[in-house]
Every structure is written in structure tokens, then in C-alpha cells.
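This report looks at one helix and at a selection of charged side-chain pairs. Please keep the sequence and the coordinates at hand while reading.

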Amino acid sequence: MELEFGRPEDLSGREQREIKVYDFLDSLGIGYERIDHEPLMTMELCVKAEDILTAPVCKNLLLCNRQKTAFYLLLMPGDKKFKTKELSSQINSARLSFAEGEDMERLLDIHPGSLSVMGLINDDKNEVSLLIDEDLYANEFIGCHPCMNTSTLKIKSADLFDKFLPAVHHTPVKVKLIGED
């Protein structure tokens, strides 16, 4: 894995959903560093990417209520455990569960394993509420996939919060997760 600045010079073999992220970030004037790698399907595999990027790669979870009438994209530190009841009380939504892969595809145009805040560029109807663990706000940079888990981006947190999220019309809800037993 080698750190590169900006979009790949050669886009051949890249999926359109990934190219769309680069186009969108470039249109907003958001700078980013990038590494390409084998698919990273778990947070344990993301540790090497974090080391190279010197930025935490977020754990991303797509959650829904039992009726599937409310969907939530949760961003949290990768090393923190997720406790459903901890979050449910903060957002007044009982019986949260993990959304299915079909929901990721339909709502965010992302395959399971590639879930990322960048998928919000595809949520034109604002069907997904964004939840961010308060610990992520302390980081100068955030690592995330460009809608494909074969690359990881390092973006300034300020650019994510002040440029990207307003551009995709999503206002994050800050949550506090302890993640302890």
C-alpha cells in the first residue's frame, strides 16, 4: 500500500461509484490522500490502512428500526464496541438492528464491506440519518472508503463536517458511545 495524493491517474478498472466520489470531492475542493489495497472486509484489516494513512478508519454501521421505516448510518471509532441499547436510548428508536445488504445497495449504492460516509452522495431523498460518535470529532483526519473497500481515503475532518456533509444535505447527530460491557 502506497500513499498517493488525490484521485488515481488511471481510472480503468474502477467502478463508477468510486469515480463518483472522486468527482464529488474534487468539485468541492476537498483534498484527500488515498491508498489502494486488497478488499478490507473487517476493522482488523483496516489497521494497516490506518497506520499508512495516520488517520483512524471509521467503523460504519447501517442500522434500522424493526419496521425498516428509519435508517441510520453510524460512524464510530473502529476499536470501539457497538452496543445497540446504548444508541437506541439516544435516538429514541427501540429495537435497532443491522440493515441488510439490499438496503445498503438501495439507499447508498454500496456493497456490504464498503459502507462509508461517502455513500451519502447517493442518498438524494435523505432516507438515511447520520449518527457520529463524539470521539470522532477530536480527530484532525478521518479515514473512509470511496464507496469501494479496495481504496481508503484520508480527509480532513473539517472538510468532511463543513463541506461534504452540507453538500450532501446531511446534518449529523452527535452520539456518545461507551462500548464497554
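With which residue does K163 form a salt bridge, and how far apart are the closest N and O atoms? K163 pairs with D159, the closest N and O atoms being 3.6 Å apart, where a salt bridge is a side-chain nitrogen of Lys or Arg within 4 Å of a carboxyl oxygen of Asp or Glu.

## Basis of the values

The model is predicted, so local features need pLDDT of at least 70 and side-chain atom pairs count only at pLDDT 80 or more, whereas totals for chains, interfaces and linings use all residues. Residues are numbered from 1 along each chain as its sequence is written, and side-chain values use heavy atoms, with hydrogens and water left out.

## The pair within helix α5

K163 and D159 both belong to helix α5, where they sit four residues apart, about one turn of the helix; helices (H or I, at least four residues) and strands (E, at least two) are DSSP runs, numbered from the N terminus. An α-helix has 3.6 residues a turn, so residues three or four places apart point the same way.

K163 counts as partly exposed at 35% relative accessibility, while D159, at 13%, counts as buried. Here buried means under 20% relative accessible area, exposed over 50%, and partly exposed in between (1.4 Å probe, protein chains only).

## Other salt bridges

The structure holds 16 salt bridges. One of them joins the side chains of D103 and K68 at 2.8 Å, N to O. Because D103 lies in helix α4 and K68 in the loop between β3 (59-64) and β4 (71-76), this pair ties together parts that are 35 residues apart in sequence. D103 is buried at 7% relative accessibility, and K68 is partly exposed at 32%.

The side chains of R34 and D36 also meet in a salt bridge, at 3.1 Å from N to O. R34 counts as buried, with 1% relative accessibility, whereas D36 is partly exposed, with a relative accessible area of 25%.

## Helix α1 and its packing

Helix α1 (residues 16-27) has 12 residues and reaches 16 Å from its first C-alpha to its last, close to the expected 16 Å, a span defined as 1.5 Å times one less than its number of residues. Just after α1, G29 takes a positive phi of about 70°.

The buried residues of α1 are R17, E18, I19, V21, Y22 and L25. These buried residues pack against β2 (32-36), α4 (101-108), β8 (151-156) and α5 (157-167), with contact meaning heavy atoms within 4.5 Å.
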